[in-house]
Amino acid sequence: TKTKTTENIVYLLCVMDVSLSSILEATISNDKGQLQNAQRYLEQAATKNLPFFLLELSKELVDQSKSGIVRMAAGLQLKNYLTSKDDTLKTDFQQRWLSAGDQIRLQVKSNILQTLGTEQFHPSSAAQVIAAIACAELPVGQWPDLISSLVGFITVTTSDENLKEASLEALGYICEEISPQIISGQANTILTAIILGMRREELSNSVRLSACRALLNSLDFTKANFDTEQERHVIMQVFFMISHVLIFSLKYRSLRMESHKKSHLLYHK
């Protein structure tokens, strides 16, 4: 409508004159003043027109020409406006998202799915945002093809390591956060994709590790599979077969994080 279009134009003129990328970069600034100004700006933008603001954040996240810092910050802001650890706020955020226009929600979801596998940082921000949206939409019958899309990214032979890893992260987050009854009908499909990511034939240790985390998060709604002796045997056989890889990966990541932490401290001394 004309009113809606005018509102968006005013929003762009008043708010987007300042580069959203530069504001997002300022959210991790060591300068307290810059940080507070950035946070105030983002809050005002969200208050002015939240659906449009979420769309703009999704564009920052999907844009591979943006810096890793900008994309990570955009993902964090998206997640924070979509979900919360507080159950009451979480419900409010989900209802707020569902009340946004269908077209904007479709665009945001499209951008987030396209982001999977393109991020140079872990864990994947896109995977976390996908899970946040899934927890709002799947219970009310929205986004019905999400699980099949994620499973496809994991099982198709042309998918690269990053796409598989991020897709498994997304599945793991969804399994962890959503009520088991909502996706129990797709338990076999999800479990098949997870086991595929854990197999010896999968050459990437990162993919295997993400698959194992997803398996642990899926235990509540895959109970029926574990109750079947043959299926339980296959799953545990795969799990034990790669346990040495998991131990090595966890130690390596722990050392890498410790090294990064020390470098960060030295840099800011």
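**Entry 1: Lys164 and Glu202**

I looked up the pair Lys164 and Glu202 and found that their side chains meet in a salt bridge, with 3.1 Å from N to O. For a salt bridge I take a side-chain nitrogen of Lys or Arg within 4 Å of a carboxyl oxygen of Asp or Glu. Lys164 lies in helix H10 (residues 161–177) and Glu202 in the loop between helix H12 (187–198) and helix H13 (205–217), so the pair ties together parts that are 38 residues apart in sequence. Helices here are DSSP runs of H or I with at least four residues, strands are runs of E with at least two, and both are numbered from the N terminus. I noted that Lys164 and Glu202 are both buried. Buried means under 20% relative accessible area, exposed means over 50%, and partly exposed is in between (1.4 Å probe, protein chains only).

**Entry 2: the model**

I am working from a predicted model, in which local features need pLDDT of at least 70 and side-chain atom pairs count only at pLDDT 80 or more, while totals for chains, interfaces and linings use all residues. Residues are numbered from 1 along each chain as its sequence is written, and side-chain values use heavy atoms, with hydrogens and water left out.

**Entry 3: Glu137 and its partners**

I counted the salt bridges next, and the structure holds eight. One of them joins Glu137 to Arg105, whose closest N and O atoms are 2.7 Å apart. Glu137 lies in helix H8 (residues 125–137) and Arg105 in helix H7 (residues 102–115), so this pair ties together parts that are 32 residues apart in sequence. Glu137 and Arg105 are both buried.

Glu137 also meets the side chain of Lys109 in a salt bridge, at 2.7 Å from N to O. Lys109 lies in helix H7 and Glu137 in helix H8, so here the parts tied together are 28 residues apart in sequence. I looked up the relative accessible areas: 7% for Lys109, which is buried, and 0% for Glu137, also buried. A network of salt bridges links Asp102, Arg105, Lys109 and Glu137.

**Entry 4: the whole chain**

I found 16 helices and zero strands in the protein chain. Of its 269 residues, 45% are buried. I then checked contacts (heavy atoms within 4.5 Å). Among those with a separation of 6 or more, 66% come from residues 24 or more positions apart. The chain exposes about 14800 Å², of which carbon and sulfur atoms supply 54%. Accessible areas come from the Shrake-Rupley method with a 1.4 Å probe, and for residues only the protein chains shown count as cover.
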